[in-house]
Amino acid sequence: VAMRAYYYAGEGDQKEPHEGAPVTQEKLDQLGVLAWHFEGDSLEGVEAVAKERDYKNRDTVTISPTSLGDLYESKIRTFFDEHLHEDEEIRYILDGEGYFDVRSKNDEWIRLHMVKGDLAVLPAGIYHRFTPAMSNYTKALRLFKDEPKWTPVSRAEKTTDENPYRLQYVKQFVSA
Ligand code: KMT
Ligand code: NI
């Protein structure tokens, strides 16, 4: 089974679960969000997805106070700033856990609780953000194609809704 997803409910600390009503994989499909779960330590499943979607590069990131030290708090604030990318984003959780929040068609937050073995594909142009959980430990594989256009485009920029990749996403998934 793929990761648990639900509407983000309530106020307060971004690292708390904020668990609201459940969201089905079908609903995620409609947003262009794909998900897989792979058991064990083998990267075989991830390799297969990467190959099929023509991903050639990757890196590993460890998000924790131990690995990031004084930068931890500012780093996780940046990850939690609502943004889009002009490229598809693939994330695979190697260890620990974390939350990806993606916008629904009605602009509500849907929270994906990702744990070890979970893989998610976020389409280019979807608004999203990331936060570690209360456990403060996420080790993840980030996959990218040859030329990653990876810069987060913050929604706080007023022109983001006019971004061509955003417009393409809206055309394909939101107004469809
Ligand atoms: C993103 O795009 O917000 C991230 O890649 C977050 C760190 S990867 C778990
Ligand atoms: Ni992102």
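**View 1. H128 and the residues it touches.** Setting aside residues up to four places away in sequence, H128 touches H83, F100, D101, V102 and L122; touching here means C-beta atoms, placed from the backbone, within 7 Å. This is a predicted model, where local features need pLDDT of at least 70, side-chain atom pairs count only at pLDDT 80 or more, and totals for chains, interfaces and linings use all residues. Residues are numbered from 1 along each chain as its sequence is written, while chains are lettered from A and ligands numbered from 1 in the order in which they are written. H128 sits in strand β9 (residues 128-131), strands being DSSP runs of E, at least two residues long, numbered from the N terminus. It counts as buried because it has 23 C-beta neighbours inside 10 Å (the cut-off is 20 or more).

**View 2. The annotated binding site.** An unreviewed UniProt entry puts a "binding site" at H83, H85, E89 and H128. These residues span 46 in sequence, but no two of their C-alpha atoms are more than 11.9 Å apart, so they gather at one spot. E89 belongs to strand β6 and, with 21 C-beta neighbours inside 10 Å, is buried too.

**View 3. L112 and its contacts.** Leaving out neighbours within four places in sequence, L112 is in contact with M3, A5, Y99, F100, V102 and A120.

Note on methods:
Contact = placed C-beta atoms within 7 Å. UniProt positions renumbered as here; feature names shortened; annotations may be inferred. Helix = DSSP H or I, 4+ residues; strand = E, 2+ residues; numbered from the N terminus. Buried ≥ 20, exposed ≤ 12 C-beta atoms within 10 Å, placed from the backbone.
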